Amino acid sequence: MSADPKLNLAHPVDADFLALPLRSLADAALSAATLAGASFADFRFERLMVGSLSLRDTAVQSSVDSVTTGFAVRVIVDGTWGFAAAVIPTPEVAAATARQAVEVARALASVVAERVERADEPVYVDAQWVSSYVTDPFSVPTQDKVTLLLDRSERLLAADGVAHATVGLLSVKENKFYADTAGTTTTQQRVRCEPSLSAVAVDASSGGFESMSSLAPPVGRGFEYLTDGTWDFDTEIASIPEYLAEKVKAPSIEAGRYDLVVDPTNLWLTIHESIGHATEYDRAIGYEAAYAGTSFATPDLLGTLHYGSPVMNVTGDRTVEHGLSTVGYDDDGVAGQSWDLISGGILTGYQVDRGFAPRLGLSRSNGCAYADSPSHQPLQRMANVSLRPDPAGGSTADLISGIDDGIYVVGDKSWSIDMQRYNFQFTGQRFYRIRSGEIVGQVKDVAYQATTTDFWGAMDAVGGPETYLLGGAFNCGKGQPGQVAAVSHGCPSARFRGISILNTISEGAA
C-alpha cells in the first residue's frame, strides 16, 4: 500500500471554505452524538461547485454554475448505523442532526440483523490534501470560456462535410471537511474538468448522419487542460473532419472472428464495466444487487479465478495524479492507497471500505468510501482501476504489426453488459481494418462481443508505457437513492486474439 498522502502545495484549500465554522460544527455534532449514546460518530461538511457550459454551432445553449453546501452525521449505536443531514451551518443544528442520526440508528437496530464491524485506520490530525491542478476553472471568466469554445466550434464548422458542431466544458470543485470521534480531521479540495467536442456530417439526400467526437478524457486537472498542450486539441480539431469523412464512406464490417488491437481510448470503458464493477466487493457478495447487478467474481474465487491471460495486471488506485477517483482521504477517513486487483491474470483483490474490509479478512480498508453530496451516506465506490502496461512493451504500431487479419478500435461509444458483469458487447468511434500488419482504412458498424474471462484471456500482448492513457467518466452510477462518482481507468493499447465481431446494422447490436 502507498504512503499516506501529502498536501499538494501548488494550491492551498480555498480560504473561504476554511473560514466556515467547520470545527465548531464538528465539535457540536460529535459531542451530541456521543452524549446521545453513539459509540462512534463522524461529521462531513461538503461544498460542491459545478459549472456546465455548452455551445451548439455558434450559439451558447446553456451556461450554469451551481453550489451545493451542507453537512452529514453518521453514528454507530449498538452496532447499527444511523445517518442524518442538514444545510443550516450552526452548532445547534449540527447537534440536533447528530441526535437525529442516533434516533435513526436506534430505530433500525431492531430490524437490521447485521452489526457494524469496521477495520482500523490510523488517526490523521489536521490533514489537508489538494488535487493536482494549475488553474481553478471557477476563477476563469465565463466569457473567456465561451470565446475558447466558440473558436473551436467555428474551426470545426469551417471544415468540409461538417454540418453541426457541439462543444462544452463540465467543471467540478469539491471541498470536504471530515472529523470523527477517533480524532481524525481532514480537509480536501478536488478539481476536475471534462471538455467535449464533436462534429456531425449529414447526408441531405437520405437524412442519414455520422458523428465524430474528441477522444480527450475527463481528468483531475484544472482549466489549463484546455490550453497547455496536455491534450493536442488543435491537431484533433483539424483531424476530426477527415476521420468523419472517411467514416461516412467506410464499408460495413463482415461479422466473424477477428484479432483486435484496442486503443486505450476504448479499452478504459471495457475495464470499467468488466473489471471495475466486478471487483467491487459489495457487488461480489450480493450486497449491492439492486442497481446494475452483482458480480461473477465471487470471493470463493479469490486467488484462483483466471480472470485473463498472464500479461494482465490490474491495480486499484486512489493516489494516481490527475485521477478522477484520486483522493487524499476517503469518506471513512482512510488515506488513499494503491493495491493489486489482478496479478498475472489471477483475481487477487477487491475494492472495499472500512465496513467491508473485515468481511474479506483485511485488517485495513483500501479507501473506497465516497458520498457524492452532503445529503448522501458514503457508499463503497470505485477506485481508479487500471491495466498496467508492459515495461518492455512496444508501440501501438508494434501490436498492429503482429496481426494478419484484424481491426484496430479507437474511442468509446455504446456498451452493454449483463448483471453479473460477464457477457458484454462494446462499440467504438472508429474502426480500422488491419491486413498483414498494416492499417488499410476505416470500416464501420462494428461491435465486439465476449464474456469477461474469454476476452481478457485472449489478450496476448499489452503496449508499453508510451501507449498508456488515463481515460474515465464523470457519471458512474450506484446506490439507491442513486449517486454518481467520477472515476479514471488507465491502460495501454492491447491485443486480443479471435474476438467475435458483430455487424451492428445486420444483427441489431446496441
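**Stop 1: the largest core.** This is a predicted model. Select Leu 267, Tyr 307, Leu 387, Tyr 448, Trp 456 and Phe 496: within the largest nonpolar core, which has 56 residues, these touch the most other members. Now colour helix H6, residues 264-276. H6 gives the most to this core, with 5 residues.

**Stop 2: Leu 387.** Centre on Leu 387. What is Leu 387 in contact with, once neighbours within four places in sequence are left aside? The list takes in Leu 267, Ile 271, Met 312, Asn 313 and Val 314.

Stop 3: Next, pick Leu 55, Val 219, Ile 237 and Ile 434. They are among the 36 residues of a second, separate core. Keep Ile 237 highlighted for the next stop.

**Stop 4: H4 against H5.** Show helix H4 (residues 142-157) and helix H5 (residues 233-249). Their axes come within 9 Å and cross at roughly 30°. Angles under 35 degrees count as roughly parallel, so H4 and H5 are roughly parallel to each other. The crossing of H4 and H5 is right-handed. For the contact, display Arg 152, Arg 155 and Leu 156 on H4. On H5, display Phe 233, Asp 234, Ile 237, Ile 240 and Pro 241. How do the residues of this contact divide by type? There are 5 nonpolar, no polar and 3 charged.

**Stop 5: H2 against H3.** Move to helix H2 (residues 22-35) and H3. Here the axes come within 8 Å and cross at roughly 35°. The H2 and H3 crossing is right-handed. On the H2 side, select Ser 24, Leu 25, Ala 28, Ala 29, Ala 32 and Ala 33. They meet Pro 91, Ala 94, Ala 95, Ala 98, Arg 99 and Val 102 in H3. The contact of H2 with H3 divides into 10 nonpolar residues, 1 polar and 1 charged.

**Stop 6: Ala 105.** Stay on H3, residues 91-109, and pick Ala 105. Is Ala 105 buried or exposed? Under 20% relative accessible area counts as buried; Ala 105 has 0%, so it is buried. Leaving aside neighbours within four places in sequence, Ala 105 is in contact with Val 75, Val 77, Thr 80, Trp 81 and Gly 82. Finish with a distance label from Ala 105 to Gly 79. The two are 26 residues apart along the chain, and their C-alpha atoms are separated by 8.7 Å.

Note on methods: Residues are numbered from 1 along each chain as its sequence is written. This is a predicted model: local features need pLDDT of at least 70, side-chain atom pairs count only at pLDDT 80 or more; totals for chains, interfaces and linings use all residues. Side-chain values use heavy atoms; hydrogens and water are left out. A nonpolar core is a set of buried Ala, Val, Leu, Ile, Met, Phe, Trp, Tyr and Cys residues joined through side-chain atoms within 4.5 Å. Buried means under 20% relative accessible area, exposed over 50%, partly exposed in between (1.4 Å probe, protein chains only). Helices (H or I, at least four residues) and strands (E, at least two) are DSSP runs, numbered from the N terminus. Contact means heavy atoms within 4.5 Å. Axes are lines fitted to C-alpha atoms, for helices over the stretch in contact, and angles run from 0 to 180 degrees between N-to-C directions. Angles under 35 degrees count as roughly parallel, over 145 as roughly antiparallel, 65 to 115 as roughly perpendicular and the rest as oblique. A crossing is left-handed if the near helix is turned anticlockwise from the far one by less than a right angle, and right-handed if clockwise. Ala, Val, Leu, Ile, Met, Phe, Trp, Tyr, Cys and Pro count as nonpolar, Asp, Glu, Lys and Arg as charged, and the others, Gly among them, as polar.
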